[in-house]
Amino acid sequence: MNELDIKMDGLALAPQDAAALLGTLFDLQVEVRSDSRKSALDRGVLAVYGSSGSARLAFHFDPILAAGAGAALTRIPAPAADEASRLGRLPDSVLENLCEVTNVLGRWPRTRWGQLRLQTTVMLPAALPGPVGQALKKPKLLATLLVTIAGYRPGLLTVLAIEPAAGEERDGR
Amino acid sequence: MKVLIVDDSKGMRLLLTRALRQFGVSEVAEATDGQKALERLRAGPPVDAVMVDWNMPALDGLGFLKAVRADPKLTAVPIVMVTTEAEAERMEIAKSAGANGYIIKPFTEVTIRESLEGLGFKGR
């Protein structure tokens with residue numbers, strides 16, 4: 001087992017699996033490795049995943065990664081991605097691409113709940129109700145990863161656990 | 001060869017189009033959901049194959065697949081699901097509903113080629 005593997009109750013994420021998924025999706029070299037920095041979670045893009053109607057996990061893309069990953073899917077030039085991340089607003093084309101990236105990343109976690117499915121992808125800042133909003137206010141960080149897509153600036157991907165809302169069963173079975 | 005791509009993601013339609021062109025597909029039509037794809041098929045002109053996502057608004061890929069198989073004029077058109085749904089149970093559901101192929105995203109051009117060749121199409 002890779003020492004970078006991320007584990008929590010019922011969940012395992014291997015960075016090399018994310019690199020493989022993204023590398024195939026973009027048809028570009030992608031590296032994913034742990035990073036000691038912490039992202040500002042009030043900016044960027046949040047993708048929320050769940051099973052059986054319950055949110056369980058979120059991936060936060062910092063503005064650089066959000067712009068770069070959205071751009072890389074259809075080879076939008078890196079300078080355009082840099083400009084989007086600098087402005088803090090993603091053009092519709094980049095955001096739409098990023099939604100597909102987040103959709104594919106739903107295949108990354110190996111869970112005892114089966115495949116997690118993308119519930120929503122939100123550009124931040126945004127008012128998010130319930131457990132997802134709580135996860136941003138009091139984040140339970142599972143990992144911060146540096147994602148490098150060839151030709152684009154490296155950016156941070158933060159993995160957040162979503163605590164179940166009151167009354168929700170944690171394991172969903 | 002003419003192929004209809006059905007996916008709500010413009011980026012994914014672009015990637016699929018590239019892969020299909022690489023295979024030698026001469027004409028690609030696009031639809032953004034199952035309902036529009038169904039209307040496109042019924043209106044014609046006919047296509048040689050359909051590549052359809054599963055999760056889409058209006059009518060999802062499975063609903064589209066069932067509707068096509070229930071339509072005597074369309075039922076023979078080969079349909080390949082192209083989706084992030086990777087669980088065996090989902091694949092079995094699609095197969096039972098009449099899918100001729102199943103590709104899990106992300107895909108490579110080789111995967112697309114092998115799928116089309118598996119349906120009997122010859123690339124360049």
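In which helix of chain B is the place of Ser115(B)? Ser115(B) lies in helix α5 of chain B, residues 109-118. Helices here are DSSP runs of H or I with at least four residues, strands are runs of E with at least two, and both are numbered from the N terminus. The model is predicted, so local features need pLDDT of at least 70 and side-chain atom pairs count only at pLDDT 80 or more, while totals for chains, interfaces and linings use all residues. Residues are numbered from 1 along each chain as its sequence is written, chains are lettered from A and ligands numbered from 1 in the order in which they are written, and side-chain values use heavy atoms, with hydrogens and water left out.

Ser115(B) has a relative accessibility of 14% and therefore counts as buried. The cut-off for buried is under 20% relative accessible area; exposed is over 50%, and partly exposed lies in between (1.4 Å probe, protein chains only). Beyond its neighbours within four places in sequence, Ser115(B) contacts Val80(B) and Ile103(B). Contact means heavy atoms within 4.5 Å.

Chain B holds an open sheet of five strands. Their order is β2-β1-β3-β4-β5, with parallel pairing. Two strands pair if DSSP finds at least two bridges between them. The edge strands, β2 (27-31) and β5 (101-104) of chain B, each pair on one side only. Neighbouring strands of this sheet are turned by 20 degrees against each other on average, direction ignored. Strand β1 of chain B (residues 2-6) runs parallel to β2(B) and is joined to it by five bridges. Within this pair, Val3(B) has Val28(B) as its bridge partner.

Chain A has five helices and nine strands. Along the sequence they follow the pattern β-β-α-β-β-β-α-α-α-β-β-α-β-β. Of the 173 residues in chain A, 54% are buried. Among contacts in chain A between residues at least 6 apart in sequence, 69% join residues at least 24 apart.

Six strands of chain A form an open sheet with antiparallel pairing. The strand order is β3-β8-β9-β5-β4-β7. Its edges are β3 (30-34) and β7 (117-124) of chain A, each pairing on one side only. From one strand to the next, the twist averages 25 degrees. Seven bridges join β4 of chain A (residues 44-51) to β7(A), and the two run antiparallel. Here Ala47(A) stands opposite Thr121(A). Helix α5 of chain A (residues 130-137) packs on the sheet. This helix touches β4, β5 (54-61), β7, β8 (140-149) and β9 (155-161) of chain A. Its direction makes about 130 degrees with that of β4(A). Axes are lines fitted to C-alpha atoms, for helices over the stretch in contact, and angles run from 0 to 180 degrees between N-to-C directions.

The two chains also meet each other. In chain A, 15 residues are in contact with 19 residues of chain B. The chains bury about 1,400 Å² between them, 50% of it on carbon and sulfur atoms. Buried area is the accessible area (1.4 Å probe) that two parts lose on being put together, summed over both. Three salt bridges cross the interface. A salt bridge is a side-chain nitrogen of Lys or Arg within 4 Å of a carboxyl oxygen of Asp or Glu. One of them links Glu87(B) to Arg117(A), with the closest N and O atoms 3.3 Å apart. On the side of chain A that touches chain B, α1 (15-26) and α4 (92-105) of chain A each supply at least two residues. Helix α4(A) gives the most, with five residues.
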